Each structure stands twice: as C-alpha cells, then as structure tokens.
Amino acid sequence: MQSLNVKMAQRQAGQSVRTFGIVRMDAMVSAMSVVGASTAAIPAALRSSPHPRLAPGIAPLRPQANVVCRTATVDAPPAVGSAGGSSIREDIRNIAIIAHVDHGKTTLVDAMLKQSKVFRDNQNTAERIMDSNDLERERGITILAKNTAVRYRGIKVNIIDTPGHADFGGEVERVINMCDGVLLLVDSVEGPMPQTRFVLRKALELNKRVVVVVNKIDRPAARPEWVIDSTFELFMDLGASDELCEFPVVYASGVNGIAGMAPDGLADDLEPLFETIVKEIRPPTVAPEAPLQMLCANIDYDEHKGRIAIGRVTSGTIRRGQSVSICSSLEPGKVRPAKIAELFVYDNFSRVPVEEVTAGDICALSGIADIKIGETITQREAPVPLPTIKVEDPTVSMTFKVNTSPFAGKEGKYVTSRNLKDRLDRELERNLALRVEPGETSDSFVVSGRGTLHLGILIENMRREGYEFEIGPPKVITREVDGKTCEPYEEAIVDVPETYVGAVVELFAQRKGEMVDLIPSIQGASRVKFRIATRGLLGLKNALLTATRGLGVMNTIFLEYAPVAGEILMRENGSLVAHETGQVTSYALESAQERGQLFVRPGDQVYEGQCVGMHAKAGDLKVNVCKTKQLTNMRAASKEIKVGLDEPRTMGLDDALEYINDDEQVEVTPKSVRIRKDPSAANKGRKGK
C-alpha cells in the first residue's frame, strides 16, 4: 500500500484520478501535500461524505464491477498501421494462460475449445483435454506447457496452457516469450497465491499485457472485490507500470463455460472473454519482409517425424523445404546448416500442415534432428540469433546412481550407468530448469531442479519407461554471497482451520521457520505466511498433514538466498531395518509392528538393510520380519494361524523421497519403490570410527 500512496502522490494536478475500492485517501492527501502537489487532482465526488478509513470530507467511490479503477493516467492506444518495415497482424492473437496450481487454467481452455466448435457435437471428449500426459491426469495438474488454437470471428487465437506449480516454473519462463499477452487466472475465493506472484512477475518483466480472469465465480464463498483488490496490490508490489496496472477484468466459471464483465452479470457462454482477448491483447507487430528469425521455445517428438521444434516466427517467412541456418547467442559465430522437412500450425486443437508461416504466428516444424530449445532458426544468408531463453537456477539436487541392492536387475529394463546418462541427457534437451553433473563415482549423477516435485516427476517418468536406479536424499544448493554461505529460502503459505493454527506455527518453528503474517480467512479458516529455509521444507508435507488431520494446504515459492539457518531437525524417528533377506511372514510382523509403523505386508520380498518401517523412537532398530514359526509335534502349523496385523503404510515415490534421511536412499524400479540404508554411508561411518 505504501508504493500505491507514492504513486498517488506523484500524480500532477489535472490528471484523471480513479479510486480502487477504499484506498486510504487520507494518506493520498498527506502524501500529495508532502511533495507539493495540488489536492485539486482529487475529484470532488470523493470529498462528499466521511468514512472511517478516509480523511474528513472524503468518501469512497465504488467502481463498476467490470472496471478496475486505480490512481493512474490512461494512455491513448497505439495507432494501428505500418511503420518502417513493420506491420500489425490483426488476424492473430497470441496468449498464454498463467495461474497458481488448481485455479482452473486447463478447465477454462477446455471450455474455450468446446465453444469454438473444435469438436463435433457427438464427439466424446475427456475432461482436461490439454492434460494428455498420464501423470498429468493422475495427479490433476499440468506439468508440460502445450499449444493449441481456436478461431473467433475470423481471428486466430493461439493459446498456450502452462503449469501452475512453482516447481515447473521453467515451462512458463520459456513459453511466455511466444505470446503478446497473458490471461492471469485468480481463484474467486483464494485470491493471488505464491505461484500467481511468480508467473505474473515473469509476464511483467517482459511487458506483457495482462487480462485478469476471476475464475470459479460461482463458488458460494466467492469474494471478487477482495480478489481484485489483492491482485492490484500484487501488481503494485511487483513494480508494474501505470499502463499494465490498468488491467481489464473478466469474471468466469470455466467448468460451466460462462463469463461476464460483472460477477452478477454472466453471459450464457464465454463470449465476453473472447471479446476481451481480441480487444485488449495487442496483435503482433511483425516484419514480414525482414530475414527469417524463429526462436525454438519447445520441443515435441513424433515416432514418424522425429524431433519437432515449436516456436514463434519473429520476423520473415518460413517455408516447407527451405534451407536455413541454426545458431545461438550462447555460441557466437557457430552456425550449422539445416533444412525444413515439414511445417505445421496449430488450428482447432490439431497440427495442420502448411506450406509457409509468416511472422507473428506460432508454428511447429520437423527435419532438424539436433535442434535445441533456445536456438534460433534463421535465413541461410543472415544467421543472426535471437537472445536465448533464460530460466532461474535450480535450488534442490539429488544423486541418481546405478542400483546396487541385492534385488538389482530383477525388474528393470535399463539398469546400467550408460542407460542412465543417455536418458538424463535427453531430458536436458527440453527441460531447461534441470542441471546434470557427474557424481562422486563414475556410476552416479547429481541432478538439480526447482524442487522435489520437479525431480519426482522425472523419476516417475523414468521408472515407467523401464529404468531401474537409486536416488539419494534431496539436498539444497548453497552459494557464496559476500563471503557468506547462503541457502535458498521460500515463502510458505498455509491455509488451515483456525483450530490447527497453533500446531502449524509450532511445526514451522521446529524447522526454523518465521511467521510473517496471519490473515483470518473465511468459513473458519486462516492463512498463515512463513519465511523458511528450503531445507526445512524437505519432508514437511506429511508432518503438516498429520498435525492438521489432513486439512492443511501448503503452497511455496522461492524467495531469496540468505545465510544458513543452522541445524534443522528433519526427522525425529528412526527406521526399522530388515535383519535378513527373505519373505515377510505374518508371524514376524506380529511382534515387529509393536516397534513402530510398518511399510511391508506378508508375502513381500525384502533384503538385509531395507527399511521396512518407521521406528516409534529415535534411532534405527534392526528387526527380523522373515522369522517363521517353529513346527514341532507339540505345535501344529494351523494353531493360532489368525494373527491381527495393522494396515501397513503404503510408501509411494513422493512419500519415500520425503521420508529418507542422509544415510538412506530410494530404490526405484518399474514395479517397486523401496527404501534402504545407504551402504556407502555405513562404510564412511565405520572408517570414521
């Protein structure tokens, strides 16, 4: 709000002033007097009646629902036409849909596709059409950015659906260059969330026009005025210009396929949204006669066509069969020849083959087998590269290495270090936020990413492809700043019922987290903001769910690098470690379950050193889960056959990565996820003694 008051004070007398809700006009008047500005710039309508939050004689002015009123000047729109060698393509709009996770991006794209008559009336379509990846459908989140296009009144609207989770921010960073504006979706109840800040900051840095869509407006607890207020304050916090702060607002319900310019005035379809896109998003300004330039922003793969490069034609025209040059701003002077085999554009949810694509449109092309993201496709005679795509550095790393457990090679198809290296190298070609470095041994690799979810998705994809390997515990990446060792810190926002606020604060305090803000929410829930080291967040998810009885929801985003927080206790409990190799029996589990919570069930195969449960106390404990009942002439095999066992805890990949300590690792195969003690850590311990 302070930055808002400063901007208010800097307005000169005579400019049009518009008030957003209730904006502390007393602060505005005093600030204007400090800088010597005349208070005549305040409209007389704002001085008619008193208000508790305004100066005497000043009353709040309620804006219309579809107008976001702010203290800013309104610049005249740019003239349409040609200037120099440039022209404006009125037949195209390029937009990206950005938002926090689960705010309804993909659902809204579904509705836009259906209302654009992309599908037949009798055609069966699944929910979240754009989420074509199996993992995306299983988890209900978008992982990879995808392109599509619809047509509205003769205008082609290229749409880029982007991920909403902070760990996949690299996808947003590399595709946002292809668009001229963005749709910023904000939940009508939750308002701006951590990832909203991240994606909006990237859009504002590139000076992209923003259309705010208040989605899920049909929710009973919707509070659109508060959401718009919070969104505007977010724009101001991020240093948006006056022009960008004049954002239009559309209210929508993506699941119902309706939108409107007021919360209580929704149309029967998404017509108001399409109208706003065409009106507010600037058409691309292009130079069709200039030499060809196209930056590769994404890569797809087809079994028949091979590698497919996706990007926006910045200048010139690209044609099928054309001979081109490939260059990069990271390698000045290095140019290699290539030839375009096939050319496609996105139209009505499909790739359509074309003969040529002019500047301003988004296209896909095949025929360049070694094309990489960030490289520029140029005219053969003028190989001038565009600035390459830059993404933020990773903050978390894990060690990938060859499986050395007693069960190694039994379930996987690709088990060697060469297989592992080749797969990681292929991932580097399209995953710009990933880093791969050699490990301590020849069969290990240090893989760095944006977070445990980012790396967990890669691990899950690899195991489904038949790879078998081991994963070390997540570690934060430190760096030297002014001679001090610093580690990444994140902002964590926890939405939790008021009853469990104390438990959440205590849990974060144990991990050196600082409470920054406590905001009473609605319907008995509160929102708590923390500043905490990324190291303290490792393994916190399950502990938070336990402390809040499954009702706490946590979202995080990278904040800064700061001095190391000191020692953080990650896990108080030790592990139950298998004493021998064999098959788990009910007889053995009956006594073992008294020692803690088990991860295995009767019939499972285990090996010595495998973690089969979590100890109820600190420190590890070896248990024999393969012990069998001794049979004698005095004890029959059927006697006491019924044994009461507790249900074991199922450890998925994400759970295992959160659970492990520094002396443990996760064995990943296509069929199993096991936790084991790290033999190398045990050897180091013995050498130390």
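Trainee: Where is the place of Asp-482?
Mentor: Asp-482 sits in the loop between strand S25 (479-481) and strand S26 (484-497). Strands (E, at least two residues) and helices (H or I, at least four) are DSSP runs, numbered from the N terminus. This is a predicted model, where local features need pLDDT of at least 70, side-chain atom pairs count only at pLDDT 80 or more, and totals for chains, interfaces and linings use all residues. Residues are numbered from 1 along each chain as its sequence is written, and side-chain values use heavy atoms, with hydrogens and water left out.

Trainee: Is Asp-482 buried or exposed?
Mentor: Asp-482 is exposed, as its relative accessible area is 78%. Buried means under 20% relative accessible area, exposed over 50%, and partly exposed in between (1.4 Å probe, protein chains only).

Trainee: What is the phi of Asp-482 near?
Mentor: Phi of Asp-482 is near 55°, a positive value in a residue other than glycine. Most residues other than glycine have a negative phi.

Trainee: Which loop holds Arg-153?
Mentor: Arg-153 is in the loop between strand S3 (146-152) and strand S4 (155-161). Arg-153 also has a positive phi, about 55°, although it is not a glycine. With a relative accessible area of 63%, Arg-153 is exposed.

Trainee: Next, Asp-393. What is Asp-393 in contact with, leaving aside its neighbours within four places in sequence?
Mentor: Beyond those neighbours, Asp-393 is in contact with Arg-435, Arg-450 and Arg-479. Contact means heavy atoms within 4.5 Å. The side chains of Asp-393 and Arg-479 make a polar contact at 3.5 Å. A polar contact is a pair of N or O atoms within 3.5 Å; within protein, one must be able to donate a hydrogen and the other to accept it, and residues adjacent in sequence count only if both atoms are side-chain atoms.

Trainee: And where is Asp-393 found?
Mentor: Asp-393 is found in the loop between strand S19 (376-379) and strand S20 (396-402). Asp-393 counts as partly exposed, because its relative accessibility is 45%.

Trainee: Switching to helices. At what angle do H10 and H11 pack?
Mentor: Helix H10 (residues 417-430) and helix H11 (residues 452-464) pack at about 130°, with their axes 12 Å apart. That makes H10 oblique to H11. Axes are lines fitted to C-alpha atoms, for helices over the stretch in contact, and angles run from 0 to 180 degrees between N-to-C directions. Under 35 degrees counts as roughly parallel, over 145 as roughly antiparallel, 65 to 115 as roughly perpendicular and the rest as oblique.

Trainee: Which residues meet there?
Mentor: Leu-420, Arg-423, Leu-424 and Glu-427 in H10 meet Leu-458, Asn-461 and Met-462 in H11.

Trainee: How do H6 and H7 cross?
Mentor: The axes of helix H6 (residues 194-205) and helix H7 (residues 224-237) come within 10 Å and cross at roughly 50°. That makes H6 oblique to H7. On the H6 side, Thr-196, Arg-197, Leu-200 and Leu-204 meet Leu-234, Phe-235 and Asp-237 in H7.

Trainee: Last one: how many helices and strands does the chain have?
Mentor: The chain has 17 helices and 37 strands. Buried residues make up 51% of its 689 residues.
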